Amino acid sequence: LAEVTFVPVSPRSGQAEVDDVLAAIRPTTCLISIMLANNETGVIMPIAELSQRLHVLNQRRAVGGLPRILLHTDAAQMIGKGHVDVQELGVDYLTIVGHKFYGPRIGALYVRGPGITTPLHPMLFGGGQERSFRPGTENTPMIAGLGQAAELVSKNWEAYEAHMRDMRDYLEARLEASFGKQRIHFNSHFTGSKRLCNTSNFSILGPGLQGRRVLAHCKMLLGSVGAACHSKKGDRPSSILLSCGIPYEVAQNALRLSVGRDTTRADVDLAVQDLVRAVAQLDRDQAL
């Protein structure tokens, strides 16, 4: 059996702080797994710094006969929205998934020296496909699609990132102008922390404006209140936002909107107008 230690994000930065991660290491620790960018707040984690300090720590652990600690990062949210280089990150493992960057719904695992410098063991046995790490006929069309999507990202990521950042910033400016600074709280703004170019997590403040209720009253807008993979939590606020120090009543009203490569300012205007109408209706209902 494996023991797992969970390190919360810091309310100061929205990040899993390097010092906190290193402080949680025990003599038996063998793997650290941390996402490259948070899927709810968009905050980018200090993976390269963690890797550098982990390298120094591993040298000391080797002298004491302790196991080497491997580093894995989930880069699913980051690919296509920023620069990702496994050499610069210094990780042992990195995972991606195609549908996050306009490719097919298939994933890939990068391993630094698979089975040689970095351990990798099969979970299934039988065939010799994929260097005997995973038996079964490969899904060639999806693999080819993933490769093509990755090639487009490699060539165009700077343009993609610049466009999405412009649309995200325009969205946040329109929200602030429409609802007022006192009524909008941006849940992913942390001093000194970088964030994804496409993600905006915010709360419209006021009673009866829980994220799910606001979205239910929108006519066109499709959004989420947090991670899609945790979508059955009802009105319970995101544990990520609470860990970031967002008050319960603010986190309960959270909405997460994402822009894409083809998003226009006209699209953003329509989305904000839809939100304004939905909130106005809920305010009227609240006043009755």
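Visitor: Let's start with E249. Where is its place?

Guide: E249 sits in helix α7, residues 248-251. Helices here are DSSP runs of H or I with at least four residues, strands are runs of E with at least two, and both are numbered from the N terminus.

Visitor: Before we go on, what kind of model is this?

Guide: This is a predicted model, where local features need pLDDT of at least 70 and side-chain atom pairs count only at pLDDT 80 or more, while totals for chains, interfaces and linings use all residues. Residues are numbered from 1 along each chain as its sequence is written, and side-chain values use heavy atoms, with hydrogens and water left out.

Visitor: Back to E249, then: buried or exposed?

Guide: E249 counts as exposed because its relative accessibility is 53%. The cut-offs are under 20% relative accessible area for buried, over 50% for exposed, and partly exposed in between, using a 1.4 Å probe and protein chains only.

Visitor: OK, switching to N198. Is N198 buried or exposed?

Guide: N198 counts as buried, at 7% relative accessibility. Its place is the loop between β5 (184-186) and β6 (199-204).

Visitor: What does N198 touch?

Guide: Leaving out residues up to four places away in sequence, N198 touches K81, M164, R168, L257, S258 and V259. Contact means heavy atoms within 4.5 Å.

Visitor: Let's do charges. How many salt bridges does the structure hold?

Guide: The structure holds 13 salt bridges, each a side-chain nitrogen of Lys or Arg within 4 Å of a carboxyl oxygen of Asp or Glu. One of them pairs the side chains of D92 and R68, at 2.7 Å from N to O.

Visitor: Which parts does that pair tie together?

Guide: D92 lies in the loop between α3 (86-89) and β3, and R68 in the loop between α2 (47-63) and β2 (70-74), so the pair ties together parts that are 24 residues apart in sequence. D92 is buried, with a relative accessible area of 7%, whereas R68 counts as partly exposed at 40%.

Visitor: What about K155 and E151, how are they separated?

Guide: They are four residues apart in helix α4, so about one helical turn separates them. K155 and E151 form a salt bridge, with the closest N and O atoms 3.1 Å apart. K155 is exposed, with a relative accessible area of 60%, and E151 counts as partly exposed at 38%.

Visitor: How close do R265 and D166 come in their salt bridge?

Guide: Their closest N and O atoms are 3.3 Å apart. This pair links distant parts of the chain, R265 in helix α8 (residues 265-287) and D166 in helix α4, 99 residues apart.

Visitor: Big picture time. Which domains does the assignment give?

Guide: Domain 1 (18-147) and domain 2 (157-287), with bounds that come from an automatic or database domain assignment. The C-alpha centres of the two domains lie 30 Å apart.

Visitor: How much area is buried between domain 1 and domain 2?

Guide: About 1,600 Å², with carbon and sulfur atoms giving 58% of it. Buried area is the accessible area (1.4 Å probe) that two parts lose on being put together, summed over both. In domain 1, E40, T41 and K81 lose the most area to domain 2, together 41% of what that side buries.

Visitor: And how many residues of each domain are in contact?

Guide: 16 residues of domain 1 are in contact with 24 residues of domain 2. The count of salt bridges between domain 1 and domain 2 is zero.
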